Amino acid sequence: MNRIEQFNHDINQSDLNRYENWKIYRNQLSRFFDDAIKSLKIDQNRCLVLGAGNCDDIDLKNLKSKFNHINLSDIDIESMKQGITRQDLKLDDFTLVKADFTGFQDILFFENLLDDLLIMKTSHKIESYLKDKTKLALSNSFVENYTQTYDVIFITPIYTQLIYHQTLKISEVLKEMEYNKKLIAIFEQTMLELMPSIINQFNENVASLLDVNGLVIILSDIFQSQKNDTFNQQIIQSIQSIEAMDQLYQKYNETYGYGLGDFGLMSMSNIMKELKHEWLIWPFDQKINMTIKAVIYTK
Ligand SMILES: C[S@@+](CC[C@H](N)C(=O)[O-])C[C@H]1O[C@@H](n2cnc3c(N)ncnc32)[C@H](O)[C@@H]1O
């Protein structure tokens with residue numbers, strides 16, 4: 001397995017109870033998805049799922065009843081295969097595409113990163129190295145993996161998962177190796193600053209895979225809360241009302257600023273037209289809830 005695949009595969013395999021534990025959330029998503037595609041004026045032929053992973057958040061039977069052709073894509077192909085079997089379906093009911101949505105795998109970014117950083121001694125060198133690598137990575141488009149466009153593109157929470165998360169693991173290794181603290185901070189800061197261009201490129205690529213009358217449905221993780229904290233209680237009390245959640249979101253952003261999950265949606269709103277949104281609670285694990293903003297876009 002390549003580095004990005006291995007990293008994500010380990011996360012995807014870290015909790016095998018998710019399919020059971022996410023049942024209510026999965027049903028809520030199916031309802032949101034079914035409502036969204038009701039407005040489609042064309043024959044519902046082709047659906048592309050990006051970030052399918054274990055498919056624990058997708059009711060594949062429901063999806064199959066709605067589309068003639070379904071393409072499931074992720075860098076972690078093994079988890080997609082297990083996810084299909086877990087839902088008692090056959091692999092050839094779907095087209096599976098192993099793709100890296102960022103272009104960083106093609107340039108072997110994580111294969112070389114640690115060794116390359118260890119010989120760099122100035123902030124300037126690190127900054128220009130990361131900028132050059134990002135430019136090179138973004139010249140590879142994952143769109144090449146697909147020979148057709150889609151009526152519906154469904155994106156499960158991915159903005160917070162692309163690249164940055166994995167670079168923080170490299171930071172941890174650098175800290176253990178007692179690498180210069182200031183240079184580690186520069187490394188993290190530069191990667192964070194590069195994320196908007198990586199996310200924008202991903203969104204542009206998604207838009208280019210959509211049919212003229214199609215829909216993009218995006219799930220983005222916005223808040224993370226401990227199940228026993230007061231913020232989590234506030235979310236639970238507000239979740240049924242889009243207005244109350246929008247207010248909570250605004251207040252949160254005024255205090256803490258925007259994260260990658262917000263940025264992904266803001267970037268897509270500059271590329272496509274937002275039709276509707278809703279808020280959902282994703283019971284991520286025993287201790288943590290994620291709050292998801294689910295948004296429907298059209299061209
Ligand atoms: C939070 S998970 C989404 C949940 C998933 N649908 C499930 O039920 O397991 C994000 C997914 O994005 C995938 N991913 C992360 N970085 C990727 C990349 N660069 N290219 C393609 N897929 C990536 C991961 O493998 C993971 O399956």
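Seven strands form an open sheet in the order β3-β2-β1-β4-β5-β7-β6, with mixed pairing. The edges are β3 and β6 (273-282), each of which pairs on one side only. Direction ignored, neighbouring strands of this sheet are turned by 15° against each other on average. The model is predicted.

**Overall build**

- The secondary structure of the protein comes to 12 helices and seven strands.
- The radius of gyration is 19 Å, close to the 19 Å that the globule rule gives for 299 residues, so the protein is as compact as a globular protein of that length.
- Along the principal axes, the C-alpha atoms fill a box of roughly 55 × 45 × 35 Å.
- Of the 299 residues, 37% count as buried.
- Among contacts with a separation of 6 or more, 78% come from residues 24 or more positions apart.

**Strand pairing**

- Strands of a sheet pair through backbone hydrogen bonds, either parallel or antiparallel.
- Strand β2 (residues 69-74) and strand β3 (residues 95-98) run parallel and are joined by four bridges.
- Asp 74 has Lys 98 in β3 as its bridge partner.
- Between β2 and β3 the chain passes through helix α5 (residues 77-86), and this β-α-β crossover is right-handed.
- β1 pairs with strand β4 (residues 150-155) in the parallel sense, over four bridges.
- Leu 50 has Ile 155 in β4 as its bridge partner.

**Val 49, a residue of β1**

- Val 49 lies in strand β1 (residues 46-50).
- Val 49 counts as buried because it has 26 C-beta neighbours inside 10 Å, and the cut-off for buried is 20 or more.
- Leaving out residues up to four places away in sequence, Val 49 touches Ile 58, Leu 72, Ser 73 and Phe 154.
- Thr 291 is 242 residues from Val 49 along the chain, and their C-alpha atoms are separated by 20 Å.

**Helix packing**

- Two packed helices are described by the angle between their axes and the distance between the axes.
- Helix α6 (residues 109-118) packs with helix α8 (residues 164-176) at an angle of about 35°, with their axes 11 Å apart.
- The crossing of α6 and α8 is right-handed.
- On the α6 side, the contact is made by Phe 110, Leu 113, Leu 114 and Leu 117.
- On the α8 side, Gln 166, Ile 170, Val 173 and Leu 174 make the contact.
- Helix α12 (residues 260-271) lies across β5 (210-226), β6 and β7 (288-298).
- α12 runs at about 160° to β5.

Methods:
Residues numbered from 1 in each chain as written. Predicted model: local features only at pLDDT ≥ 70, side-chain atom pairs only at ≥ 80, totals over all residues. Pairing = 2+ DSSP bridges. Helix = DSSP H or I, 4+ residues; strand = E, 2+ residues; numbered from the N terminus. Right-handed = clockwise from strand over helix to strand, strands pointing away. Buried ≥ 20, exposed ≤ 12 C-beta atoms within 10 Å, placed from the backbone. Contact = placed C-beta atoms within 7 Å. Rg over C-alpha atoms; globule rule 2.2 N^0.38 Å. Axes fitted to C-alpha atoms, helices over the stretch in contact; angles between N-to-C directions. Left-handed = near helix turned anticlockwise from the far one by under 90°.
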